[in-house]
Amino acid sequence: MYDITVVGTGYVGLVTGACLADFGNNVTCVDNDAAKVERMKALELPFFEPGLPEIVARNFNEGRLHFSSDLAGCVRDSQVVFITVGTPPRADGSADTSQIYAVAKTVAQNLNGYKLVVQKSTAPVGTARDLIGWIRKWAKKGAEFDVASNPEFLREGSALETTLRPDRTVIGAESKKAVEILRKIHKPLFLLETPMIVTGLESAELIKYASNCFLATKISFINEMANLCEALGADVQMVARGMGMDGRIGKKFLHAGPGYGGSCFPKDTHALSAFAKKAKVKSGIVDAVIAANEHQMDRMVDKICDAVGSPKGKKVAVLGLSFKPNTDDLREAPPLYVIAGLKRRGVKVVAFDPISMTKAETLPEMRGVELAADAYDAARGAHAVAIITEWNEFRGMDLARLKRVMKKPVLCDLRNIYEPAEVEAAGFVHVGVGKGRPAGAGKARKAAPKKATPKRKKR
Ligand code: UDX
């Protein structure tokens, strides 16, 4: 077991630190925000994540997990340093890696014996190799260290599950010693037969971006199919099911909806596009995925506005603010984008989210948005209810009660969690995503293009 420092206590750092401690290592999570460190010592965590408070408390109380703001001291006391700091997007979409380099400089200046520096923040391909030179530059001559890349595939809302039982572990390392240490650290996962891929630094880094961009591609693709379904009278859930049965395609990440959000897909697609451009490589597919996602969120605004007739002055209840359920993360959350669009169209928005309202309150997108006590409170006097994040408590609402409090019974189910027939039977107008109506029944059908004029025969 190792003495490990994990630098940065965002989602990745805190979850990684807690899990490494749970594997039996002696872990210190370091953050330069001293107040945050004090709160964590009092077991107040900076974000909501199911199961995390328990695993943090257990390891903290049993003395395997510590919190500190003394990076230099922690580095000197560790054999392994994980860098898990933020890489926020710059204006041009590229990832800002300055925090990684700042941490690496302190690590370099405190190398008092061999240390393995594990780059775990999502950073452009080439960062890990670049860090070798950077650390050498700031370290004493002859200092011994290795740099490895160990990308994370953590999903918010199920962070522990995806960290403790991942589909795979990726180790990018070029010395036997580094590979050995990372193998040992991840040993408990091999007992669960988690496959491991050991590869070079660049490949490991690209695996992370390629995976996220591919998943984003699946989502944008099915959203495009959903739009086709609406125009052609098909049902995207059936289409996704039929596609997913093909083992080569797989059924996951084929849920049509308002577009993807969160701290990863939007940022990573833009970052890949930026480093592809720098490498003079065309990233047409990923660029199209980004554009399709923005288009999808715009379509959601149109959908809701169409559903209420003329939008100006109408009241819409938005259910769900976080980018997905079981998290209070509002980064790039589609509901916020949709709310901004609705407000621009003159809609009066009332919102409810089970967990993230306190965080949402201060955001500029939420200015002028009324916050409700629950879904029914939000729906009071509304011309439409729009479910944008599929929290469990929105799945089984009492539709009769909802209808009673609303001005107009319109349900925009942007996550397709209700059966249209059930909603309509309760007296609602149902609006889903990709739930086309068969010939003649839908608006889109009426708007179908006239018979094409027969092509002239080619000579
Ligand atoms: C993602 C990756 O899944 C994870 O492996 C990586 O490490 C970080 O990025 P996360 O951002 O936590 O994780 O959420 P995820 O569950 O992947 O959802 C991302 C977004 O896509 C959400 O807005 C979600 O609603 C949306 N989504 C997902 C869809 O619209 N349809 C789907 O079928 C799946």
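What volume does the second largest cavity have? In this predicted model, the second largest cavity has a volume of about 70 Å³, and the sections below place that space among the other features of the chain.

## Confidence of the model

The pLDDT of the chain averages 94, and 96% of the residues score at least 70. Residues 442-459 are a stretch where pLDDT stays under 50, and for this stretch the model has nine contacts beyond four places in sequence. Where pLDDT is low, the predicted coordinates should not be read in detail.

## Two cavities

A search of the whole structure finds two cavities of 30 Å³ or more, and the largest cavity holds about 250 Å³ of space. It is lined by 20 residues, of which Lys120, Glu152, Thr163, Pro166 and His186 are the closest to its centre. By class this lining has 11 nonpolar, six polar and three charged residues, and helix 1 gives the most to it, with four residues.

The lining of the second largest cavity includes Gln119, Lys120, Glu152, Lys208 and Tyr209. Its residues divide by class into four nonpolar, four polar and four charged, while helix 10 gives the most, with four residues.

## Helix 10 against helix 12

Helix 10 (residues 201-232) packs with helix 12 (residues 265-278) at an angle of about 115°, their axes lying 9 Å apart, and the crossing is left-handed. Among the residues that meet are Lys208, Tyr209 and Ile219 in helix 10 and Phe265, Asp268 and Phe275 in helix 12. The residues of this contact divide into 10 nonpolar, two polar and two charged.

Methods: Residues are numbered from 1 along each chain as its sequence is written. This is a predicted model: local features need pLDDT of at least 70, side-chain atom pairs count only at pLDDT 80 or more; totals for chains, interfaces and linings use all residues. Side-chain values use heavy atoms; hydrogens and water are left out. pLDDT is the predictor's confidence in each residue, from 0 to 100. Contact means heavy atoms within 4.5 Å. Axes are lines fitted to C-alpha atoms, for helices over the stretch in contact, and angles run from 0 to 180 degrees between N-to-C directions. Helices (H or I, at least four residues) and strands (E, at least two) are DSSP runs, numbered from the N terminus. A crossing is left-handed if the near helix is turned anticlockwise from the far one by less than a right angle, and right-handed if clockwise. Ala, Val, Leu, Ile, Met, Phe, Trp, Tyr, Cys and Pro count as nonpolar, Asp, Glu, Lys and Arg as charged, and the others, Gly among them, as polar. On a 1 Å grid over the protein atoms alone, a cavity is a set of points where a 1.4 Å probe fits but cannot get out, and a pocket is an open set with protein on both sides within 12 Å along at least five of seven lines; lining residues have an atom within 4 Å of a point. Grid points are joined across faces, edges and corners, and a volume is the space filled by probe spheres set on the points.
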